[in-house]
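I opened the file and kept short notes on what I looked up. Entries follow in the order I made them.

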Amino acid sequence: MSKGNDKDKVDPNRRAVVVGGAAAVAGIAAGILIGGNAFPKLETQSITKTVVKPEVQKVTVTQPVTSVQAYQKQKVANYSQLQVGNPMPVTYMGYSAYIVRTGTPSIGGVGPNGDVVGYSAVCVHMGGPVQYDPNTHCGVCPYHYSQYDVTRDGMPVIGHPNQYLPMLVLEYDSSTGDIYALGFNRLFYGVYNNIAQASTSSSS
Ligand code: FES
């Protein structure tokens, strides 16, 4: 009899073990839950952004370019305009020059008497302005007093230059008296190519 009653009795030690085990399980579960919150996972997020790139605008600029390919034939005077010893300034393809009747047959001279010549108005020494002297038939530079004989192909006769003064090659039309420039026979002062660095500006 006492044995049946013993079945219904709970061993206090066994009960404590059961209660303790349940508490331990609950504690582990809570730990996992708390631990999961204490160390949140790092997540990789994909963010889509719209980047606006500044557009490079292409601008087309059209400029008229006048290229000179060769010497031009240009009317520079009429024989009737010229007086002996009185030079006429002209601009030929952008270059400063002058036409003059020397009054004596001259190398390269045109016209009825072969005395009309044309020359650069710029000294080949250092670019000074060459002025014609009717008394000597020379182009004279006031900078360093060099002189070029324009009856003898522009030969330097006094001063520093070691080059001739560039001659403006002329053509004479006997039917009209018109005088044309056809080009320089030597390099103009300050340029490396008379034609390449010429411009279309001119005067007569
Ligand atoms: S620049 Fe003409 S002589 Fe010197």
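This is a predicted model: local features need pLDDT of at least 70, side-chain atom pairs count only at pLDDT 80 or more; totals for chains, interfaces and linings use all residues.

I then looked up the largest nonpolar core, which has 34 residues. Which members touch the most other members? They are Tyr92, Ala97, Tyr98, Ile99, Tyr119 and Leu168. I noted the strands that each supply at least two residues of this core: strand 1 (74-78), strand 2, strand 3, strand 4, strand 9 (168-172) and strand 10. Strand 3 gives the most, with five residues. I set a general remark beside this: in soluble globular proteins, nonpolar side chains tend to be buried together.

**Entry 1: strands 2 and 3.** Next I checked how strand 2 (residues 88-92) meets strand 3. The two run antiparallel and are joined by five bridges.

**Entry 2: Gly103.** I moved on to the loop between strand 3 (95-101) and strand 4 (116-120), where Gly103 lies. I set aside neighbours within four places in sequence and asked for contacts. Gly103 is in contact with Val84, Gly85 and Asp115. I also took one C-alpha distance, from Gly103 to His137: 9.1 Å, for residues 34 apart along the chain.

**Entry 3: His137.** I found His137 in the loop between strand 5 and strand 6 (138-140). His137 has 22 other C-beta atoms within 10 Å, so this residue is buried. Its phi is positive, about 60 degrees, although His137 is not a glycine. For reference, most residues other than glycine have a negative phi.

**Entry 4: Tyr145.** I looked at another positive phi. Tyr145 is not a glycine, and its phi is near 65 degrees. I placed Tyr145 in the loop between strand 6 and strand 7. Tyr145 has 11 other C-beta atoms within 10 Å, so I logged it as exposed.

Entry 5: What is the strand order of the open sheet of four strands? I read it as 5-6-7-8, with antiparallel pairing. Strand 5 (131-133) and strand 8 (155-158) are the edge strands, and each pairs on one side only. Neighbouring strands of this sheet are turned by 40 degrees against each other on average, direction ignored. I then took one pair in detail. Strand 7 (residues 147-149) and strand 8 pair in the antiparallel sense over three bridges. Tyr148 stands opposite Pro156 of strand 8.

**Entry 6: Thr200.** I went to the segment after strand 10 (178-184) and picked Thr200 there. I found 10 C-beta neighbours inside 10 Å, so Thr200 counts as exposed. I checked its C-alpha distance to Tyr95: 9.7 Å in space, against 105 residues in sequence.

**Entry 7: the whole chain.** Last, I went over the protein chain as a whole. It has two helices and 10 strands. Along the sequence, the pattern reads α-α-β-β-β-β-β-β-β-β-β-β. Of the 204 residues, 25% count as buried. I took the contacts between residues at least 6 apart in sequence; 45% of them join residues at least 24 apart.

The mean pLDDT is 83, and 72% of the residues reach 70 or more. Over residues 1-5 the pLDDT is below 50, and this stretch has zero contacts in the model beyond near neighbours in sequence. I logged residues 27-36 as well, where pLDDT stays under 50. For residues 27-36 the model has zero contacts beyond four places in sequence.

How values were computed. Residues are numbered from 1 along each chain as its sequence is written. Two residues are in contact if their C-beta atoms, placed from the backbone, lie within 7 Å. Two strands pair if DSSP finds at least two bridges between them. Axes are lines fitted to C-alpha atoms, for helices over the stretch in contact, and angles run from 0 to 180 degrees between N-to-C directions. A residue is buried if 20 or more other C-beta atoms lie within 10 Å of its own, exposed if 12 or fewer, and partly exposed in between; C-beta atoms are placed from the backbone. A nonpolar core is a set of buried Ala, Val, Leu, Ile, Met, Phe, Trp, Tyr and Cys residues joined through C-beta atoms within 7 Å. pLDDT is the predictor's confidence in each residue, from 0 to 100.
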